[in-house]
Amino acid sequence: MTAATLAAPNVAPLPVPPPGPSFGAFVAAAAASGQLVVQPRMGFGDPRRMRAGLERTKSAVATTVGTLTIDSYTRVGDHAAARAALTEGTPLNGYPIATHSAELTRGLLAGVLDAGFPVQVRHGSSRPEAIVRALAAAGLDATEGGPVSYCLPYGRTPLAESVDNWARCCELLATLVPAARVPHLESFGGCMLGQLCPPGLLVAISLLEGMFFVRHGIRSVSLSYAQQTDPAQDAEAVRALRRLAGEFLPPDVDRHVVLYTYMGVFPHTGRGATRLLEASARLAVSAGAQRLIVKTAAEARRIPTVLENVRALETAAATAALTAPPREPAQPADSEVYREARAFVEAVLELGEDLGRALRTAFARGVLDVPYCLHPDNAGRSRSFVDAAGRLRWSQTGAMPVAPYAPPGGRAMAPVRSMTSDGLLAALGRVARRYDDAADSAPRTEPETEPEPEPESETGPATAAAGPGGARSPA
Amino acid sequence: MNILLTGTASDSHTWNLVYLQLLLEELGHPVRNLGPCVTGELLTGACAAEEPGLVVISSVNGHGYRDGLSAVRALRGAGFTLPVVIGGKLGVAGTADPEQRRRLLDAGCDAVFDDGDVNALRAFLTSLDAAAAARAVA
């Protein structure tokens, strides 16, 4: 089966781009009416299945936006492999937007994409030009990524090249999207490797990427944060992100905060997975995020089905509806996460006017240093751990402008033992264990197991039982 | 035994590689970790430069059967005869596929490990060490 032989869904090709609000305006309108926007990670190589996924997302009992997650051949720019996989009938782990024709993708979106249902392209590429051109040609205007967050955790592209690519693609997106609509870019900086990165650094990277987008012509951005190990620390992080956005982004730039449900090793029990998802929805509302990207109970084992995604969206929306919105103090206190994030941001901005160059210098000097990141342009001198209370802490900070954790009382930490393979698994699996245990040894649920090509382009760490394995995703 | 550890061409995941590096080092083997998104060219180049005793390929993105096949064919096509093993979440279905596994073995993989089967990997390393010791004695 090839793209050429696939009939477009039963709608007229080449529809006019939808009128009305773009991605950022849709989220702002939902927030103004007290609704948390929920969004799946979802991508299939087969356009008919992709269409069905969007339709089901749209009709879910929730305020939703749609997602086209791109396959990993397209992500790495190997369009020949994407085409070959379509020809062979090998299931792809996402929608190959640069391989399917613009007409096919417009047909896929026609009648689904509209002012009440924006669709975002999620991909994970450090070389996103073909994807940006394809999404604009298909009548879309929203995507995500960033020069750091889609480079360091995701491959081998030199950071300098990724910075150049992303600068060009911001400008390309701003140019290609018709004036009636507002292109939107979300920083993926709040995820990085998904786990074990202390929140101050995640918040700083996401903010810096948002500033980078704005300097390259984007006027509507979202800043991200991925749920980590401790609810109180996570709430600090979301609030810090909102506050720093207010302090560092130009006031006329549209912005919101998007929370990612936990991106690490997911609970194995259905009940544990649901509780973790519900916790993320409560966190999103109570800390003031405007959008949530969900995960499903199937996540620990395989790619979720459309139905599982819809259930996750509806569960998150129901929980959000029962959660009280934040009560903000007039003068917010400087939380630990805020202070750390601000130290990172200021240290990078001191490195020069050109933010792309400053980011490169920051990583070259280890001023920003992502723990456990294997990329050659990451200094690799920082290390982190989860403390007894569950907060993520620095054990080694290399050249970063923050200090290793010293417990209250002022005594420095005992020298940190080097991380072992068992210690790493224990740290990576901590959240899964906590939610599985809290699920009171509920029977392990096996949702219907129709294998489907892949949603999700984000980081998937090793499973608790990992060998060479780990949670699968196309990244 | 020096081990060359690698991800596959389209797979950007790294926790699996961070974990395996720690595990293999704890078992006494020096590890060169090539990281994610390793092309056939990069892999064969590293093999030529490092002369490892074993290549361990890890993939978790669902493209492992296809990308693993390309990787092992690149190594065998370049004339490398060293042991090559692969493991992880190799397909999109969440279960091992015997037919795809056979293709990997036919293409020159010495072992295909299911996701999480660390014991099988340990046993394979022990058997390699034993074979090397036997050769040394002989």
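Is Cys373(A) buried or exposed? In this predicted model, Cys373(A) is buried, with a relative accessible area of 8%. Cys37(B) also counts as buried, at 11% relative accessibility.

A disulfide is a covalent bond between the sulfur atoms of two cysteines. The structure holds 0 disulfides over all chains. Cys373(A) is in no disulfide, and its nearest cysteine sulfur, that of Cys151(A), is 8.5 Å away. For Cys37(B), the closest cysteine sulfur is in Cys151(A), at 10 Å. That is too far for a bond, because the two sulfur atoms of a disulfide must be within 2.5 Å.

The next part concerns strands in chain A. Strand E4 of chain A covers residues 142-145. From this strand, Ala142(A) and Glu144(A) point one way, while Thr143(A) and Gly145(A) point the other way. These four residues of E4(A) are all buried.

Strands of a sheet pair through backbone hydrogen bonds, either parallel or antiparallel. E4(A) pairs in the parallel sense with strand E3 (residues 119-122) of chain A, over 2 bridges. In this pairing, Gln120(A) has Ala142(A) of E4(A) as its bridge partner. E4(A) also runs parallel to strand E5 (residues 184-187) of chain A, and 4 bridges join them. Here Gly145(A) stands opposite Ser187(A) in E5(A).

Helix H6 (residues 129-137) of chain A forms a right-handed β-α-β unit with E3(A) and E4(A). Helix H7 (residues 159-176) of chain A forms a right-handed β-α-β unit with E4(A) and E5(A).

Chain B has an open sheet of 5 strands, with parallel pairing and the order E2-E1-E3-E4-E5. Its edge strands are E2 (31-33) and E5 (111-114) of chain B, each of which pairs on one side only. Neighbouring strands of this sheet are turned against each other by 20 degrees on average, direction ignored.

Within this sheet, strand E1 (residues 3-6) of chain B and E2(B) pair in the parallel sense over 3 bridges. Ile3(B) has Val31(B) in E2(B) as its bridge partner. Helix H2 (residues 40-50) of chain B packs on the sheet and touches E1, E2 and strand E3 (54-59) of chain B. The direction of H2(B) makes about 165 degrees with that of E1(B). Helix H3 (residues 64-77) of chain B lies across E3 and strand E4 (84-88) of chain B. H3(B) runs at about 170 degrees to E4(B).

Conventions:
Residues numbered from 1 in each chain as written. Chains lettered and ligands numbered in written order. Predicted model: local features only at pLDDT ≥ 70, side-chain atom pairs only at ≥ 80, totals over all residues. Heavy atoms only, no water. Pairing = 2+ DSSP bridges. Axes fitted to C-alpha atoms, helices over the stretch in contact; angles between N-to-C directions. Contact = heavy atoms within 4.5 Å. Buried < 20%, exposed > 50% of the residue type's maximum accessible area, 1.4 Å probe, protein only. Right-handed = clockwise from strand over helix to strand, strands pointing away.
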